[in-house]
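Here is a briefing on one protein chain, written for a first reading. Please keep the sequence and the model in view while going through the points.

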Amino acid sequence: MTASGQRKIITVADPAALAKVAAERVIARLAENSGRIAVCLTGGSSPKALYQLLATPDYRERIPWDRVDWFIGDERLVPRKDKLHNMSMARQAFLDRCAPAANVHPIATDTADLRDPDISAALYENELMAFYGAEQLDPARPLFDLVLMGIGPDGHTASLFPGYPAVEETRRWVVGVPKANVEPFVPRVSLTLPALASCREMLFEVAGESKRAILTRLFAGENLPANRARSLGETVWLIDQSALPEDFRG
């Protein structure tokens, strides 16, 4: 598996089309692996329509639920039932209805000390290593089949914020983030760039007019976390027309 180094940009008409194209890419990626499959989910508002679509009969029947393990790229250290909890959003949208409970791997927020995200980070790193079967990532054997990603208004992705030490971490798979750069200002846990890169496909979803400003900066090549997040395999950005800066519209 060699690094492509380039991202593929796919534009769609609207958020509904974005969710459908993303769902088809998820199904296609799962179909390429006849063994155990690992998917890393993302939080935020962008993936909710995708998650709800995966729970509909047309898509649910095409997913080998017993062979897919679901992880999360970052989490806010809030109680599991809090509306800000990333994995809980995914659970409500599709996991609780479709996935075996043993195949869902949340980051600990209720049992760990909520004042110390490093505790939750260490627990999740151990869980990922146990699933992977090694403590070092092998570029020829990716951790994930698919990593879903989003882009924040400051160019962050997962909970890797511009200028934060976590962005430069190369040894750890998971790190604690004591305070977010944007709302909600709560401690977080995030996979690192090397861990996120260990995938066959990294799929960004970008929707809405509010993303135009940051896309302008990202397309200009600013050194922001979302620009540094690249898969060892394929990196794809799905962008709806309303999010595109004026200069990039067809």
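Leaving aside neighbours within four places in sequence, Val 174 is in contact with Ala 121, Tyr 124, Glu 125, Leu 128, Val 189, Ser 190, Leu 191 and Thr 192; contact means heavy atoms within 4.5 Å. This is a predicted model, in which local features need pLDDT of at least 70 and side-chain atom pairs count only at pLDDT 80 or more, while totals for chains, interfaces and linings use all residues. Residues are numbered from 1 along each chain as its sequence is written, and side-chain values use heavy atoms, with hydrogens and water left out.

**Val 174**

- Val 174 belongs to strand 6 (residues 174-177); helices (H or I, at least four residues) and strands (E, at least two) are DSSP runs, numbered from the N terminus.
- Val 174 counts as buried because its relative accessibility is 0%; buried means under 20% relative accessible area, exposed over 50%, and partly exposed in between (1.4 Å probe, protein chains only).
- Between the C-alpha atoms of Val 174 and Thr 192 there are 5.6 Å, although the two residues are 18 residues apart along the chain.

**The chain as a whole**

- The secondary structure comes to eight helices and nine strands.
- Along the principal axes, the C-alpha atoms fill a box of roughly 50 × 40 × 40 Å.
- Of the 250 residues in the chain, 54% are buried.
- Among contacts with a separation of 6 or more, 76% are between residues 24 or more positions apart.

- Arg 29 is part of helix 1 (residues 15-31), and Arg 29 counts as buried because its relative accessibility is 10%.
- The side chains of Arg 29 and Glu 32 are joined by a polar contact of 3.0 Å. A polar contact is a pair of N or O atoms within 3.5 Å; within protein, one must be able to donate a hydrogen and the other to accept it, and residues adjacent in sequence count only if both atoms are side-chain atoms.
- Not counting residues up to four places away in sequence, Arg 29 touches Asp 145, Leu 146, Arg 200, Glu 201 and Glu 234.
- Glu 135 is in the loop between helix 5 (117-132) and strand 5 (144-149), and Glu 135 counts as exposed because its relative accessibility is 61%.
- Apart from neighbours within four places in sequence, Glu 135 is in contact with Met 129 and Trp 173.

**Aromatic rings**

- A search of the whole structure finds 11 aromatic pairs. Rings of Phe, Tyr and Trp (its six-membered ring) pair if their centres lie within 6.5 Å; planes under 30 degrees apart count as stacked, over 60 as edge-to-face and the rest as tilted.
- One of these is the tilted pair of Trp 65 and Phe 94, at 6.2 Å centre to centre and 50 degrees between the planes.
- This pair links distant parts of the chain, 29 residues apart: Trp 65 is in the loop between helix 3 (57-60) and strand 3 (68-72), and Phe 94 is in helix 4 (residues 86-98).
- Trp 65 is buried, at 10% relative accessible area, and Phe 94 is buried at 0%.
- Phe 204 and Trp 237 form a tilted pair, with 5.2 Å from centre to centre and 55 degrees between the planes.
- Phe 204 lies in strand 8 (residues 199-206) and Trp 237 in strand 9 (residues 234-240), so their pair ties together parts 33 residues apart in sequence.
- One aromatic cluster is formed by Tyr 51, Trp 65, Trp 70 and Phe 94.

**Charges over rings**

- The charged end of Arg 141 sits over the ring of Tyr 132, 3.9 Å from its centre; a charge sits over a ring if NZ of Lys or CZ of Arg is within 6 Å of the ring centre and within 35 degrees of the ring normal.
- Lys 179 lies over the face of Phe 185, 5.8 Å from the ring centre.

**Cysteines**

- The structure holds zero disulfides; a disulfide is a pair of cysteine sulfur atoms within 2.5 Å.
- The cysteine sulfur closest to that of Cys 40 is in Cys 199, and the distance of 8.5 Å is too far for a bond.
- Cys 40 is buried at 0% relative accessible area, and Cys 199 counts as buried at 0% relative accessibility.
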